[in-house]
Amino acid sequence: MSELLNFNYPPEPATDRVTLFADVILPLPLPKLYTYRIPFEMNDSVMVGARVIVQFGGKRVLSCIVADIHENAPADYQAKYVLDVLDDTPIVTGPQLKLFKWIADYYMCTLGEVINAGLPSALKLSSESRIQLHPQYNPEEDEIIFAPQEEKIIFALQHNQALTFSEVANLLQLKSYHKFIKSLIQKEAIIIYEQVSDKFSPKVVKKVRLTEHFVQEEGMLEELFNQLTPQPKQLDILLNYLQKVPVHQDINLNYKGLEKSELSKNPHLSASSINTLIKKGVLEQFDQIVSRFPIDNLQQQLPMALSEHQLQAKDEILGLFKEKDTVLLHGVTGSGKTEVYIDLIKHALEAGGQVLYLLPEIALTAQIVTRLLKVFGEKLGVYHSKFSDNERAEVWQGILSGRFQVVVGVRSSIFLPFHNLSLIIVDEEHESSYKQYDPAPRYNARETALVMANLQGAKTLLGSATPSIESYYNCKTGRWGLVTMSKRFGQAKLPDIELIDTRDAQRRKAMNSHFSSQLLTAIEERLQREEQVILFQNRRGYAPFISCDECSWIPKCKFCAVSLSYHKYNNELRCHYCGYHERMPHDCPACGATTLKSMGFGTEKVEDELKLLLPKAEVQRMDLDTTKTKNSYQQIIADFENGKTNVLVGTQMVTKGLDFENVSLVGILNADTVINFPDYRAHERAYQLFVQVSGRAGRKGKPGTVLIQTRDPLQPIFRKVRNNDYDSLYEHEIEERLRFGYPPFVRMIRITVKHAEEGTSENAAIVLAKDLVDRLGKQQVLGPEVPYIFKIRNLFLNEIHIKLPRANTNLKAAKNQLAKAIFNLRLLPDFKGVRIVADVDPM
């Protein structure tokens, strides 16, 4: 959509019609809804949940969502008119609006921020100021003196219908170009307007088909053959078309036609001959809107028959759903939870409901989507950030239209417009990837899914081999149901887990770089048996940092208080917090020495060294650096599944639910960095990581082995991992959290104070903390304190932690007090530039 908007409606004629107003959610971080007047002629077309175009401020034009329609004019300002309506039907459902309101309230952000995060970009409208010649400007009659820069603009507009402000800047090669635009407006030579463009565009393919009379009228096709006999290239085109579209068997097939690119795919067929047949009227060309999610070449298959153990788990889940809205499926790795999910999805669809299947990582969707497509076909939609804006908008529209009844996606999928949701599955529910950190809303998709299910009367199934302590606590206290799957599917057994003491190996000189001789020997044995290996290292890049051997200089980020990581592939130093990067220096900038050494190791170094140590190994790496493009996940996983690579090196991506039947060895290269972390969840996360990555081995009957390299093999966490003893971990963790006051016994809110000046950030945090102590009590407020990484993106950080006991705490009242304290701080002149971020339930 692209049109010139008229900002000034004429006065409304006298009428008995009701004057209506619309409260809208603008895609801006505004604390309140804004009210607009609906023109009488739009009274019947403006709907709650639909998009409308409005003017906000002087010249800004935005699309927004209608949240309410009423007859009450705003008391504090004169309502402007709604300019246009974009949707015939709502694109945001009633349950969605309730969910968005809950997210804004619970996670302490604005509805505008929720809409910005929830709506695909292709469903938002962009607005940009443009200029065009004044309709009454006549260069031959108007004797106006223009500056040289103004003449340039006039000349350009005479040859272009309009120019954007950025195009004017490029034309004049000036940063301060606004004064010339202002002068031309005063001279009435140009006018400014807003062009609003709808970003969503359906996928269109060019197709061809035989002109109708050749198919409908008897004998015409034979006559056409005779006519084209002297033109062999054109005849080949016709024969190829009839081979792919056998109209002699069914004339209706001609209506669908054939993609033009498909017809000219054969190198022996001439594209110019196709165009000639179109000019002759033999073929007709037409455009057709097609899905971005074709499944034509996918062979449908029935879901796998469940084993006795899986059937028992499914029946227990359905039984618990009669009493409880939420059930946790605690199944060991490889127990066949996915097959149970598929059967439950099938059960929900047969009852006429919709299903949302949440996954923590895009990498997981590559495998699972293929399995689900074979069962559910065109009913399945996929939704994640690697898809284009148009692809995500198509899924959104597909859910509204009823085309997609099952959606597989990552955390952003909870914003989709479901209207008949009956089941939500949250796979790997323990994963911290479900938490959104920046920007707002800082929501947790697992918790939001529970509220979403409640609003729509749906059931929620959480699944994990290593549940979060909070989820297991909800089961133990009877709030949720619990179903356990303690055996692997079929004949598969849990892998054997062995510890390698790297400190002892170094003393015995049994280490080759970062690999123990035991691990290298085990890898070689698997490769000789044509089996596959997964190696886990929880750091990407080549090395965490470099250092000068002479003066100990370490390169730091210019904008963050962290060292720069070395990435050998790009020969650069990179900050993993802000993205700043610079070339790897040849010598030390401090002392001039050339003895720069990489310290520590990341996945890139593991890959590099393994190729040298085991030249016959086909090694591939899966981390953030190798999975930036849309299909990179699928390609890496497909290569590993098909045996093109036999060693997969990765970060946490390789720990999450991937299913490879030929993996018999998993190596954890440096377990200590996971355990020794300053966080109350450190042991819980270490257990989850080790068990999850171990679970990739021995899944299809082959014996699996896990080798864990550590400098401290006596750590208690390793005994729990080796024995797959989750209950022991839970008992220890829940006792510690009760003793020291951590979730699930308290709710936590982390307040981060940010400013470009260190002193201002510190003083603002002190003032805020004192105010919070007065409002909430000394026991509930911890800090302020400087975090371990105290500077990110040129802003100095200070943190305040709020602990609110779940028992006898009015959460809403406490948040209101917090909001007032933040508001009051921002009123103080010394702290107007301070940024304050509230993160509810941080992970």
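D504 forms a salt bridge with R507, and their closest N and O atoms are 3.5 Å apart. A salt bridge here is a side-chain nitrogen of Lys or Arg within 4 Å of a carboxyl oxygen of Asp or Glu. The model is predicted: local features need pLDDT of at least 70, side-chain atom pairs count only at pLDDT 80 or more, and totals for chains, interfaces and linings use all residues. Residues are numbered from 1 along each chain as its sequence is written, and side-chain values use heavy atoms, with hydrogens and water left out.

D504 and R507 are three residues apart in helix α18 (residues 502-507), so about one helical turn separates them. Helices (H or I, at least four residues) and strands (E, at least two) are DSSP runs, numbered from the N terminus. D504 is partly exposed, at 26% relative accessibility. R507 is exposed, with a relative accessible area of 60%. Buried means under 20% relative accessible area, exposed over 50%, and partly exposed in between (1.4 Å probe, protein chains only).

The structure holds 31 salt bridges. One of them joins the side chains of K459 and D325, at 3.0 Å from N to O. K459 lies in strand β18 (residues 459-464), and D325 lies in the loop between α12 (308-321) and β13 (326-331), so the pair ties together parts that are 134 residues apart in sequence.

R403 is partly exposed, at 31% relative accessibility. E394 is buried, at 10%. Elsewhere, salt bridges link E470, R681, E684, E733 and R737 in a network.

D427 has no such partner. This residue is found in strand β17. D427 is buried yet has no salt bridge. The nearest side chain of opposite charge is K337, 6.0 Å away. Contact means heavy atoms within 4.5 Å. Leaving aside neighbours within four places in sequence, D427 is in contact with Y341, Y357, L358, L359, P360, I368, Y434 and G463.

Charge was also counted over the whole chain. The protein chain has 100 positive and 101 negative side chains. Lys and Arg count as positive and Asp and Glu as negative, while His and the chain ends are not counted. The centres of the two sets lie 5 Å apart.

The backbone has cis peptide bonds. One joins A440 and P441, with omega about 5°. P441 is found in the loop between β17 (421-427) and α16 (445-456). The peptide bond from G783 to P784 is also cis, with omega near 10°. P784 lies in strand β34 (residues 781-785).

S513 is found in the loop between β21 (511-512) and β22 (515-516). S513 is partly exposed, at 36% relative accessibility. S552 is placed in the loop between β24 (545-548) and β25 (565-567). S552 is exposed, with a relative accessible area of 52%.

The overall build is as follows. The protein chain contains 27 helices and 37 strands. Its radius of gyration is 32 Å, close to the 28 Å that the globule rule gives for 843 residues, so the chain is as compact as a globular protein of that length. The radius is taken over C-alpha atoms, and the rule is 2.2 Å times the number of residues to the power 0.38. Along its principal axes the C-alpha trace spans about 95 × 85 × 70 Å.

Buried residues make up 52% of the 843 residues. Among contacts with a separation of 6 or more, 75% come from residues 24 or more positions apart. The accessible surface of the protein chain comes to about 40800 Å², and 48% of it belongs to carbon and sulfur atoms. Accessible areas come from the Shrake-Rupley method with a 1.4 Å probe; for residues, only the protein chains shown count as cover.

Conventions
Charge placed at Lys NZ, Arg CZ, Asp CG, Glu CD.
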